[in-house]
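Please look at the sequence and the 3D view side by side before reading on. The report below is meant to be read slowly, with the structure open.

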Amino acid sequence: MAVDSSFMSELLVATIVCLGAGALGALLTNRSAKAARIVGCGGALLGSIFALGFGLAGLAGGSLRLYFPDLLPIGGAALGIDRLSAFFVVMIAVAAIPAALYGIGYTRAYEGNHSLGGMGFAFNTFIAAMILVPLAQNVLTFLALWEVMSLASYFLVITEHEREGTLGAGWVYFVMTHAGFAALLLGFLLLAQATGTAFFSDWHVVAVGVDPRSRDLVFVLLAVGFGSKAGVIPLHVWLPRAHPAAPSHVSALMSGVMIKLGVYGLVRVAFDWLGAGPIWWGGMILVAGAISGVLGVLYALVDTDLKRLLAYSSVENIGIIMLGLGAGMLFQNAQLPGFTGLALVAALYHTLNHAAFKSLLFMGAGAILHATHTRNMENLGGLIKTMPQTAILFLIGSLAIAALPPFNGFISEWLTFQSLLVSFHIAAHTINLLFTLAIAALALTSGLAAACFVRAFGISFLALPRSAAAGMAHEVEWTIRAAMAALALTCLAFGIAPSLILAPLETTVFDLIGTHADMKFDLSALAVNGDFGWLAPLWLALGLIGCLAIIPLALRLIGATNRRRSHESWGCGRALQTARFEYTATAFANPFKRVFALLYRSVKELDVEFHPESRYFVRTIEYCNEGRLIFEDALYRPLLRAIESVARQARTLQSGNVHSYLVYILIALVALLLLTV
Amino acid sequence: MEIAIEFLQLAIVMFASPLLVGLIRKAKARLQARRGAPVFQLYADIRKLLSKETVVSENTSWLFRFTPYLLATTMMLSALIVPVLSTRTTLGFMGNIIALIYLFLLGTFFLALVGLDAGSAFGGMGASREVAIAALAEPTVLIAIFGIALRAGTTSLDGMITRFAAEPLLMLNTGHLLAFFAFFIVALAENGRLPVDNPTTHLELTMIHEAMILEYSGRYLALVEWAAGMKLFLFLTLLSNLFFPWGVALDNTPVALVIALVALAIKLVVFVGAIALLETSVAKLRLFRVPELLAGSFTIALLAVVTAFFLR
């Protein structure tokens, strides 16, 4: 089905107009907080719906060419769409529509002491920039939109600037995103200079001719730039600070969608712009993915701040996506195009799935924050009785992220496993060993993620409330629940009928690498590499529902009794069960802290205060078991100290003496003249 | 015809698993110079529990009442996927071995949540330990699967058994044996047998599975115990049929099915003896020594894969 190019540009214009109207409208109606809230989020909602249509039309084969030669230097501003860009636009819309709906109700809490007009402006600009980034067709368009996206998100992150730690978190985010931007700028300009053109479509053809040393350097720079946006370890340090600090619908978008644009960049670099590269490119991405996956979930397991736990979990899922990408790159290097496609399909499907369930989880955390005013899991509990619908929706998100059937996380993780398992077709022992360790890392990540979300859901929602605030929680308003329900339904739909997404995804990958992925699928089943692996998600779901229905009937048939009595917990015979007897989040994570003690390097502090008259009576016990952040201590602090010492040395240049400044100008002039001549 | 065999397999798993548990207990009792309970004791227990009123804690939620049904469901669904008697089953295409592992993990997830639901420290402790052990056992399972899939060229259970059945001298293959041992240790860990967890203890510091189901009574306890029995049956069936596929029916003739039934019974009895012997001779490991055991099983599985690669 050929989609008209003018129809596509109409859809894009509609998207931008709605988002622009939302942005400006929010600013103009700033006087009335309620109007700013509704105009801002309403504009975002409408714009995202148009963006969804635009993306779907692009996936169906629509094309677009917009060129404004005088808008930007070095080639002007160029926008265009192909199937990969369309896929990412669809992903952004799938997360942005619920986020905007959520924002309508959620931002009511900000009325009075925050500028809702500013928030609406930044929110709409953020979404617009994110939608336009995958459409950029040359260097400066891409970088300009990237920068707008980062700035808009920075202002959203520091919305609650009166809260302690938010400004610091925003500052770390600001520095890291610009460090990544610098790497991207350098890489792009180097490649543009080496190939002689700044347009992405030309690079696909010309870049293979560039000399290998430059290609390696460009790859490393772009990988660092995109990796820092994606949150790959060790460039992840901004994620666990910025995502919790932002308002929840913004966290949902940042974690669900913005970091995926780093993935988009990496896919473009590895499979489109630079072409096939040496083995160590794929190996580096694979290893980075394995490390991010395991370390991300390990840090999530010991965190008691619900939103920071979700942020670390995003690092983990980016690791899983990188595993798929790295595998794809290694298959491409080994000339196995069917498997390259398979690994790419797995990675991109996980990208979409993560956008769905991570947004759902962040929205759930936001609902908890809205109802109880705390993010600390040690103060939550019992919410399943006071917020039943939020509880079910958060449970669905937890099941999806733990990769359990019948939800979408299971399908994409199954596909990632299959693409790693077929690696034995490569006949190089080092690569085989690398893949074996990658499989082990993915399995460990998967198991630990399940443990992490048992803890997150169980401690926050189940049993008795651990504080008065949790005890007085109430269900959130319908817009918030509707947004979460939409995402939960998406998770279920993609888990039961993955062929809905696999069909356009397979076509996208075919467009990108030129061969079909080694997989077959129809509405009920999918098969990988002939009969290497089979899965029938629809049948599994039907089987689950069928058996669930049969068992109670069968029990009634054989005459099992139905009587039930409610009483206090038995607890091995202890009376008077209170909330103080419950397991805490810290205690739940204790086995992991012990097993992985080498990694956490936690520092235990125990202060016991005895009664002054007898050491047998204890007044208070204070126990603190703080894990240390190894990357901050080992990598960033020495780097920052080195920069500081260099800056201190350089300060001696600022003597205040006008004559020395004149000499500096002279030297600079002479140097520039020598360079250009 | 194949549907009938499918349901026959399901019926065997559903109705023979309490007998398996009873046989293990009887064998252990005999080794400990006791007479032990009758082998059909678990059937009597389940029947008694089904006629008792259930007592539900006030602190719990709908999850508590839902999970026993879910556990039984996942086990029944797994019984449809695992080739118990025959490799030609209609519903075996639903999932491969990785899907099976995740179905088991689904049950573990909900059971751990139930442990936290009652709000007692026992349940929380059991849940915490259970998910830690399940998470640490995952890499071993997947690497062992990689090792077997390498040699079989497929990850679907039917395909693996069919291909292995063509090699009668399979037992002498190093990689295969190593993968078997790794898988066996994981089976012990996942089913809560010694040396990882003691299925007969009720001391708070030594229980893992029992701690999570502490608050269950009546029909819920019956379902949970039955599901645990089915899980053990399925794991042992997998071990027998995957690593020693002699006797598994490759076509669906009545003769082949009878041979498969007899062969399965013999292999399961051997496993019963092995487990009973193992449980009588080793003591339960201290909790924080269990990761060392699992790390050891991971190394064995890794060796299995390396052997498979180098002896290709």
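Predicted model: local features only at pLDDT ≥ 70, side-chain atom pairs only at ≥ 80, totals over all residues.

Residues are numbered from 1 along each chain as its sequence is written, and chains are lettered from A and ligands numbered from 1 in the order in which they are written.

**Where the chains meet**

Two residues are said to be in contact if their C-beta atoms, placed from the backbone, lie within 7 Å. By this rule, 69 residues of chain A are in contact with 68 residues of chain B. Helices and strands are DSSP runs numbered from the N terminus, a helix being H or I with at least four residues and a strand being E with at least two. Among the elements that each supply at least two residues of the side of chain A that touches chain B are helix H16 (408-421), helix H21 (537-557) and strand S6 (564-567), but the largest share, 16 residues, comes from H17(A). For classes, Ala, Val, Leu, Ile, Met, Phe, Trp, Tyr, Cys and Pro count as nonpolar, Asp, Glu, Lys and Arg as charged, and the others, Gly among them, as polar. The residues on this side of chain A divide into 46 nonpolar, 15 polar and eight charged.

Strands also take part in joining the two chains: S6(A) and strand S1 (residues 54-57) of chain B run parallel and are joined by four bridges. Across this pairing, A:Arg565 stands opposite B:Val55 in S1(B).

**Strand pairs**

Two strands pair if DSSP finds at least two bridges between them. The table lists the pairings described in this report.

| Strands | Bridges | Direction |
|---|---|---|
| S6(A) and S1(B) | four bridges | parallel |
| S7(A) and S8(A) | nine bridges | antiparallel |
| S3(A) and S4(A) | three bridges | antiparallel |

A hairpin joins S7(A) to S8(A) through two residues, and A:Lys604 stands opposite A:Asn625 in S8(A). A residue is buried if 20 or more other C-beta atoms lie within 10 Å of its own, exposed if 12 or fewer, and partly exposed in between, with C-beta atoms placed from the backbone. Strand S8 (residues 614-626) of chain A is hardly covered, since the count of buried residues among its 13 residues is zero.

In chain A, three strands form an open sheet with antiparallel pairing, in the order S3-S4-S5. Strand S3 (519-521) and S5 are the edge strands, each pairing on one side only. Within this sheet, A:Met519 has A:Val528 in S4(A) as its bridge partner.

**A residue inside chain A**

Is A:Asn353 buried or exposed? A:Asn353 counts as buried because it has 29 C-beta neighbours inside 10 Å. This residue has its place in helix H13 (residues 337-372) of chain A. Leaving aside neighbours within four places in sequence, A:Asn353 is in contact with A:Asn408, A:Gly409, A:Ser412 and A:Phe494.

**Two helices in chain B**

The axes of helix H3 (residues 62-81) and helix H9 (residues 218-243) of chain B come within 8 Å and cross at roughly 25°. That makes H3(B) roughly parallel to H9(B), a term used for angles under 35 degrees. Residues of H3(B) that meet H9(B) include B:Pro68, B:Tyr69 and B:Leu71, and by class this contact has 13 nonpolar, one polar and one charged residues.

Technical notes
Axes fitted to C-alpha atoms, helices over the stretch in contact; angles between N-to-C directions. Parallel < 35°, antiparallel > 145°, perpendicular 65-115°, else oblique.
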